[in-house]
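Here is a set of questions and answers on side-chain contacts, helix packing and backbone details. Each answer works from computed values to the name or number asked for.

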Amino acid sequence: MGGAKTSRFFYQFCFGQKTSMELHEALVASAARASQPDCPAGTPWYISTDMTLETIRCPKCSHAQTNQVECEACGLLFRKFEQVQAREKEEKSAQSGQSGLKSERSGSATKIGSVLALVVVTAALTYVLASSNRPESVPPPPTQPAETVVAEKVTPDTAAKPAPQRIEQTPAISAGSPLEQAKNGTVAIETPWGTLGSGFFLTDTTIVTNKHVVVQDTSQLDEFRHKVKTSRQLITLEQESIVELRNRLNRMEDGPTRRQLIIILQEKEKLLTRVLPIQKEEEARLKEMEQPRSTSGIKVFLADGSEYTAQSVQVSAKRDLALLSLYSAKAVVLKTAAKGSVLQQGDKVFTIGNPSGLRNTVTSGIFSGYRQDKETGEVILQTDAPINPGNSGGPLIDARGQVYGVNFLRLRDTQGIGFAIPIQAVFEEFSITSPTGQ
């Protein structure tokens with residue numbers, strides 16, 4: 001090695017591998033490495049062979065000294081301090097990395113949520129647009145509105161009368177079968193005041209039905225009259241209110257309040273425009289219902305669609321029964337059950353009638369049992385066969401076509417609970433002998 005390197009060379013002391021007790025040995029042993037090149041720049045501390053040491057300052061208390069292992073003033077071990085600083089730096093770097101990762105994940109989650117929300121909104125908008133382009137489906141028929149009392153007689157259908165036509169609502173019935181014969185002997189009834197009901201031939205000139213079908217219910221008329229008059233009063237008050245608001249509007253200066261009042265007036269006038277035609281129709285209907293009516297205008301439609309006018313009407317004083325006189329060569333008399341013949345619970349039964357103007361409708365069910373009418377105290381028949389408005393007065397028959405009762409009553413707020421007056425009560429009420437001699 002050259003003289004420059006012999007007179008002065010550097011030894012590096014690595015505090016991570018040496019302790020302070022090994023310092024002297026390291027200095028002596030370093031002489032053997034005189035042939036090695038100079039130590040690279042950037043090492044923490046350097047020591048020369050002539051023992052001229054570099055002066056350093058303690059990083060904690062700033063004490064100046066040449067001891068490069070331990071601070072002579074505060075006792076700080078320089079290497080340990082350096083390791084702690086390096087470890088803290090690594091922890092900060094790790095925490096910074098995790099924070100960045102969390103931020104990245106949070107950002108990713110936000111982006112995913114935004115995409116999902118966009119997909120949902122797009123799907124909903126697509127569905128609405130697609131639905132608006134679809135042809136409108138036919139809505140299901142309206143259900144019977146809920147009633148508010150426990151029991152009722154089957155309310156006659158007083159809706160607008162349909163054009164006379166035969167609407168077959170029954171499954172195929174074999175020609176000449178007992179059900180076919182019973183259907184041919186059942187009639188549809190329409191009154192001048194709009195009531196729809198049913199009946200059937202008890203004899204070749206007599207039709208039995210319910211009294212509430214052929215006698216106008218004054219309580220219903222009174223209720224309808226009250227409804228129409230109350231509606232007219234409310235309409236009149238609304239018209240006066242619109243006039244008053246219109247006058248107030250004309251006196252107001254332009255501003256938010258005036259513009260708001262304009263919108264309110266427009267909505268009121270729009271609603272009134274929709275209500276007035278309905279009110280006029282109801283008033284015309286009430287006027288027609290209030291006119292004196294004669295039972296001579298009661299129409300009877302046979303199963304084949306032929307139309308007749310009842311010749312006379314006879315009603316019961318205590319039962320919901322009535323008889324119509326009619327002369328027609330097409331009359332088909334129904335067979336009645338023999339006196340003393342009874343139905344057993346679970347026996348299959350059928351009803352035939354004119355529900356809501358659907359003539360010749362046949363429905364089936366079972367006989368549920370005998371019950372007592374709370375109003376008359378008499379025994380009535382219970383069935384789950386549907387009895388709807390327009391079925392009143394129709395027959396309740398068994399599978400052999402024999403009549404056991406006259407449909408007249410159902411329980412409100414229920415389904416499958418209907419009642420019929422026993423056919424023998426008809427014979428007793430009107431002193432009629434059974435045409436079959438039974």
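The questions below concern this predicted model.

Q: How many aromatic pairs does the structure hold, and which geometry, stacked or edge-to-face, applies?
A: The structure holds one aromatic pair. Phe 367 and Tyr 370 form it, with 4.9 Å centre to centre and 70° between the planes.

Q: Is Phe 367 buried or exposed?
A: The relative accessibility of Phe 367 is 1%. Buried means under 20%, so Phe 367 counts as buried.

Q: Over which ring does the charged end of Arg 359 sit, and how far is it from the ring centre?
A: The ring belongs to Phe 301, and the charged end of Arg 359 sits over it. The distance from the centre of the Phe 301 ring is 4.1 Å.

Q: Where does the charged end of Arg 285 sit?
A: The charged end of Arg 285 is 4.8 Å from the centre of an aromatic ring. It sits over the ring of Phe 224.

Q: How many disulfides does a search of the whole structure find?
A: A disulfide is a covalent bond between the sulfur atoms of two cysteines. Cys 58 is in no disulfide, and its nearest cysteine sulfur, that of Cys 71, is 3.6 Å away. The cut-off is a pair of sulfur atoms within 2.5 Å. Over the whole structure, the search finds zero.

Q: Which cysteine has the sulfur nearest to that of Cys 61?
A: Cys 61 is in no disulfide. At 35% relative accessibility, Cys 61 counts as partly exposed, whereas Cys 58, at 2%, counts as buried. The nearest cysteine sulfur to Cys 61 is 3.5 Å away and is that of Cys 71.

Q: Are helices α6 and α7 roughly parallel or roughly antiparallel?
A: Two packed helices are described by the angle between their axes and the distance between the axes. Helix α6 (residues 218-251) and helix α7 (residues 256-290) have axes 9 Å apart, at an angle of about 155°. That makes α6 and α7 roughly antiparallel.

Q: What is the handedness of the crossing of α6 and α7?
A: The handedness describes how α6 passes α7. The crossing is left-handed.

Q: How far apart in space are Leu 276 and Arg 232?
A: Leu 276 is found in helix α7, and at 22% relative accessibility it counts as partly exposed. In sequence, Leu 276 and Arg 232 are 44 residues apart. Their C-alpha to C-alpha separation is 9.0 Å.

Q: What separates the C-alpha atoms of Gly 357 and Ala 188?
A: Gly 357 is found in the loop between β13 (348-353) and β14 (361-372), and at 8% relative accessibility it counts as buried. Gly 357 and Ala 188 are 169 residues apart along the chain. The separation of their C-alpha atoms is 8.1 Å.

Q: What is phi of Asn 360, and what of Ser 431?
A: Asn 360 lies in the loop between β13 and β14 and is buried, with a relative accessible area of 7%. Ser 431, found in the segment after α8 (423-430), is exposed at 66%. Each has a positive phi in a residue other than glycine. For Asn 360 phi is near 60°, and for Ser 431 phi is near 50°.

Conventions: Residues numbered from 1 in each chain as written. Predicted model: local features only at pLDDT ≥ 70, side-chain atom pairs only at ≥ 80, totals over all residues. Heavy atoms only, no water. Phe/Tyr/Trp six-rings, centres within 6.5 Å; stacked < 30°, edge-to-face > 60°. Buried < 20%, exposed > 50% of the residue type's maximum accessible area, 1.4 Å probe, protein only. Lys NZ or Arg CZ within 6 Å of the ring centre and 35° of its normal. Axes fitted to C-alpha atoms, helices over the stretch in contact; angles between N-to-C directions. Helix = DSSP H or I, 4+ residues; strand = E, 2+ residues; numbered from the N terminus. Parallel < 35°, antiparallel > 145°, perpendicular 65-115°, else oblique. Left-handed = near helix turned anticlockwise from the far one by under 90°.
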